[in-house]
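User: I would like to learn how to read a protein model step by step. Could you walk me through one?

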Amino acid sequence: MSAPAARRRVRRLNASMVVGGALVGLVVLAALVSFVWTPHDPVHVDPAHRLAPAFGGDYLLGTDKFGRDVLSRLMVGARTTLYVGIVAVGIAAVLGTPLGMLAGMVGGWSGELVMRANDLLFAFPALLLAIMLGAVFGASALTAMVAIGVATIPAFARVARGQTLSVMHTDYVLAARSAGRSRLAIALRHVLPNIASILIVQASVSFAIAILAEAALSFLGFGTRPPTPSWGRMLQESQELLFSTPRLAFWPGLAIALAVLGFNLLGDGLRDWLDPKLREGR
Amino acid sequence: MTRPLLRLVAGRATAVLATAVLATAAAGCSSGSGGSSGGSSVKSLSVGFVAEPSNLDFTTTDGVAIPQAMLVNVYEGLVKLDQDGKIVPLLAKSWDISDDRKTYTFHLQDNATFTNGKKFTADDVVFSLNRVKTDWKVSLKSAMDVVSSVEKKDDTTAVVTLAKPSNSWLYKMATRVGAMFSRDGIADLANTPVGTGPYKLESWKRGDAITLAASPNYWGTKPKLEKVVLKYFKDATAMNNALLTGGIDVISTVQAPESLQQFTNNSKYEVIEGTTTGEVVLSFNNSKAPLNDKRVRQAIRHAINHKTLVETAWAGRGQVIGGMVPPSDPWYEDLTGVTPYDPAKAKALLAEAGQSNLKLRLRIANLPYAVAAGQVVKSQLAEVGITADIEPLEFPARWLDVVFKQADYDMSIINHVEPRDLGALFGNPNYYLRYNNPKVQELLAKADAGPESDQIAAMKEAARLVSEDAAADFLFLFPNLIVAETGVTGLPKNLVSESFDLTVLAKAKG
């Protein structure tokens, strides 16, 4: 790689990290502030102020059909979004990555076994899993997140295994193996850093899927309980007013889009930043 | 530096926004209905519904979706309800009632045939009515408990003898329990209905549509349409879009009342608004603390402002009734004054009952009206210091199991659609409301068995007692909201029976 190309790469990765970080930061900030302050009570039904317009009067972004402040609901909804995204993706990454690495490093029949079990889970509909867990442990936002997380394990395991297989054939891993380093050491020292970048991209994709899955589950009665706001629920509740009051769909839609964009850019930036090959070009 | 950044962000933003917009749109998109009929054809119409039956056998499966599609259209009874809720002849031309009101003699149509080719005779009446007691599995079959014998006098005369007089029995005969079956037509009720009705089942594409075709040998007035497609939607918005794009001709029940705007100011569509027999009930578990305390139940009723509830939750469509009787029944009485909105009184009653920081589980069906009304109820109860924890349960399976069968709930919200169901809800202590009031039971028995002239007064008294006792709260009467393409005729203003009568449906040539 020529030096100017590498330099351009370095600048670009900074940019996406900054923009992504800012967007994610905004979501985190909104969620944190909502714990101590929101403009209005996000769940209080106020018939006198239903469907109040945006940018006028007391309600910056207007109110929904129950007379609830949209901005307050967006802020509290940010909590749900982060909560769902982090727990679900966390479970999937923490369980899926080692499984995939194990399958990739060990190979043979035990590796096959792990991947076939993985396929089995992959074939199982996430929604059905959530409904099953909900029936057994009681429906709540947590069971929904766990279900989404468990259903996302195969995605991480597959990506991790594929990358691990290619890393295992690199010279430095072969060298480490011939030097007699333990498998665990090789996994932590060589394999994980080299597959981290692709896992981060996977995480940002899974995060977006988790937000949308939560919306679907809430609709079925297996996610966030009404009236607790979540962006997905807000989007769903705005459906019947799409023709008369489209802004009710616009705000949560924009929030989801920006959050997903933010995580996407941040993931991209982190990938470039973490990639050992690119770091050397600095 | 800025250019690559801009390109990167812009490109990514476009992609992500597009995804979000697509997701939003997909959520509100019609599922590409295959439906029928443009404006020029009047041979067939398609009608959109919300709940698809799991099978077509209402003798073993509960739920109003089956009789809605099958009764009157495919199966017929001896009598039926007209669109005003009056009992009118169907397979029986006429009937005589003995002076002691225990013997009903039905004079039958002599030219009716089942779709399997068999002639309809008094033998089928004996067979069908006896079968309710022996083979039916749904709780509604208790409507036939009062029958002591059914006999055939001749081919076109059947005599039913009741154990005691019953003012409600003939009315019940117009519901699904009075449906007439062929002796050779019950082998596969779940998939192959055999009735005497103007329509027969042509096809059923599960998850999509039921197609009914006009029966060529129908004994009575032939329907104007050759084909009716009952198209099922899981989502209210999808059904709206199907009407807008011509996939269906009629929305049988609007489940997203806020969306009506798009049809009301458009001459292409007609909106029909009337009443139903469906009471949206905030049910209480009357046998379980703290709701076994009348004062707590009354406090909850006083805490709810029903007028604003209907306005916020259901776009103001729906009537506040205050009791379990719809205005279309002869014993209707405005009971909204029994426990008026009065938060101060609600707080006082709670204090008197020694309840502070009351927490209640509100386990509702995950249906649009229940989720909307539940959030208003929760907010209004919070004003008087009651915390309601909303838990939507998947309907029908989960809700029926947890709330209806096990009665594992404190409060619930459900639309009780069956006509004249005051007795079913509050006369039976084993019903999920677990309401046991001997006085009410006595009044209900008296209304049914006593002289007909006393029926109205006794039913009124029972309904008032139930309301005063706050055995449940009655949120609102579910509206009959139908949207149809202009020119469709024969749609009911008020929905007073459990069947959706498709036999009079027609569309003028346009």
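Analyst: We will go through this model feature by feature, beginning with chain A and moving on to chain B. Keep in mind that it is a predicted model.

User: Let's begin with the overall make-up. How many helices and strands does chain A have?

Analyst: Chain A has 10 helices and 0 strands. Following the sequence, its pattern reads α-α-α-α-α-α-α-α-α-α. The C-alpha trace of chain A spans about 75 × 50 × 35 Å along its principal axes.

User: What does UniProt list as "transmembrane region" in chain A?

Analyst: An unreviewed UniProt entry gives that label to residues 12-37, 82-108, 120-137, 191-213 and 248-267 of chain A. Residues 191-213 of chain A are 100% helix and 0% strand, with end C-alpha atoms 31 Å apart. Residues 248-267 of chain A are also 100% helix and 0% strand, and there the end C-alpha atoms are 29 Å apart.

User: How do I describe two helices that pack together?

Analyst: Two packed helices are described by the angle between their axes and by the distance between those axes. Here, helix H2 (residues 70-106) and helix H5 (residues 141-167) of chain A pack at an angle of about 35°, and their axes are 5 Å apart. The crossing of H2(A) past H5(A) is right-handed. In the contact of H2(A) with H5(A), 24 residues are nonpolar, 9 polar and 2 charged.

User: Next, burial. What share of chain A counts as buried?

Analyst: Of the 282 residues of chain A, 49% count as buried. Among the buried residues of H8(A) are A:Trp231, A:Arg233 and A:Glu237.

User: And in chain B, is B:Phe233 buried or exposed?

Analyst: The idea is to count neighbours: a residue with 20 or more other C-beta atoms within 10 Å of its own is buried. B:Phe233 counts as buried because it has 24 C-beta neighbours inside 10 Å. This residue sits in the loop between strand E10 (227-232) and helix H5 (236-244) of chain B. From the C-alpha atom of B:Phe233 to that of B:Ser453, 220 residues away along the chain, the separation is 45 Å.

User: How should I read a sheet? In what order do its strands come?

Analyst: One open sheet in chain B has 4 strands in the order E4-E5-E7-E6, with antiparallel pairing. Its edge strands are E4 (92-97) and E6 (147-154) of chain B, each pairing on one side only. On average, neighbouring strands of this sheet are turned by 20° against each other, direction ignored. Within chain B, E5 (residues 103-108) and E7 (residues 157-162) pair over 5 bridges, and B:Thr103 stands opposite B:Thr161 in E7(B).

User: Where can I find a parallel pair?

Analyst: Look at strands E13 (residues 358-365) and E14 (residues 386-393) of chain B, which run parallel and are joined by 8 bridges. B:Leu358 has B:Ile386 in E14(B) as its bridge partner. Together with helix H10 (residues 368-383) of chain B, E13(B) and E14(B) make a right-handed β-α-β unit.

Note on methods:
Residues are numbered from 1 along each chain as its sequence is written. Chains are lettered from A and ligands numbered from 1 in the order in which they are written. This is a predicted model: local features need pLDDT of at least 70, side-chain atom pairs count only at pLDDT 80 or more; totals for chains, interfaces and linings use all residues. Axes are lines fitted to C-alpha atoms, for helices over the stretch in contact, and angles run from 0 to 180 degrees between N-to-C directions. Helices (H or I, at least four residues) and strands (E, at least two) are DSSP runs, numbered from the N terminus. A crossing is left-handed if the near helix is turned anticlockwise from the far one by less than a right angle, and right-handed if clockwise. Ala, Val, Leu, Ile, Met, Phe, Trp, Tyr, Cys and Pro count as nonpolar, Asp, Glu, Lys and Arg as charged, and the others, Gly among them, as polar. UniProt positions are given in the numbering used here, feature names are shortened, and annotations may be inferred rather than shown by experiment. Two strands pair if DSSP finds at least two bridges between them. A crossover is right-handed if, with the strands pointing away from the viewer, the path from the first strand over the helix to the second runs clockwise. A residue is buried if 20 or more other C-beta atoms lie within 10 Å of its own, exposed if 12 or fewer, and partly exposed in between; C-beta atoms are placed from the backbone.
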